[in-house]
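Colleague: Could you take one part of this model and go through its surroundings closely? Please state the cut-offs behind each term as you use it.

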Amino acid sequence: MSNFFPCQLDFCGIKHRSAEHALQYTKALRCEDLETANAIKTADGAISALHLGKKIKSNEQWESSKVDVMQEILENKCVQNPIFQEKLRTAKQSTIFVEATFNNEWGSGLDRNGTQTLNQITGQALTPFCL
């Protein structure tokens, strides 16, 4: 279930509509873009949150912490969402993987390192909490 999957997610004291909302909101805060953070918080869907997040000018703090933030969001998503837990428990081991084909940062795109990073943190985040 992707980060775009609509679910209630309480992250850092804020209720988000998806893991993508939480990620982009945190990025906006760490990059000191409060206007965009507020827009992300009220964005209708995850794709809107993503588009808003892409407009944020990144900084060193975000670049050095984004993988840890993603892992923490995934852990919270797993703990807080019984539907997500059940999907993981009932999935065949061979079918659990992460892919974001058109995303160079977190998916394969043209840079296969994104997929390796996301699969690694997903495995670390989900194993102790959901299985």
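Modeller: Leaving aside residues up to four places away in sequence, Glu20 touches Asn3, Phe4, Ala46, Ala49 and Leu50, where contact means heavy atoms within 4.5 Å. This is a predicted model, in which local features need pLDDT of at least 70 and side-chain atom pairs count only at pLDDT 80 or more, while totals for chains, interfaces and linings use all residues. Residues are numbered from 1 along each chain as its sequence is written, and side-chain values use heavy atoms, with hydrogens and water left out.

Glu20 counts as buried because its relative accessibility is 6% (buried is under 20% relative accessible area, exposed over 50%, partly exposed in between, with a 1.4 Å probe and protein chains only). Its side chain makes a polar contact of 2.7 Å with that of Gln24; such a contact is a pair of N or O atoms within 3.5 Å, and within protein one must be able to donate a hydrogen and the other to accept it, with residues adjacent in sequence counted only if both atoms are side-chain atoms. Ile40 lies 20 residues from Glu20 along the chain, and their C-alpha atoms are separated by 9.5 Å.

Glu20 belongs to helix α1, residues 19–30 (helices are DSSP runs of H or I of at least four residues, strands runs of E of at least two, numbered from the N terminus). After α1 comes Glu32, with a positive phi near 60 degrees. The 12 residues of α1 should span 16 Å at 1.5 Å a residue, and the 17 Å between its end C-alpha atoms agrees with this; the expected span is 1.5 Å times one less than the number of residues.

Of the 12 residues in α1, 10 are buried, among them His21, Leu23, Tyr25 and Lys27. The buried residues of α1 pack against β1 (9–11), β2 (14–16), α2, α3 and α4 (60–80).

Two of these partners also meet each other: Thr36, Ala39 and Ile40 in α2 are in contact with Ala49, Leu52 and Gly53 in α3. The axes of α2 (residues 34–41) and α3 (residues 46–54) come within 9 Å and cross at roughly 170 degrees, which makes α2 roughly antiparallel to α3. Here axes are lines fitted to C-alpha atoms, for helices over the stretch in contact, and angles run from 0 to 180 degrees between N-to-C directions; roughly antiparallel means over 145 degrees.

Methods: Parallel < 35°, antiparallel > 145°, perpendicular 65-115°, else oblique.
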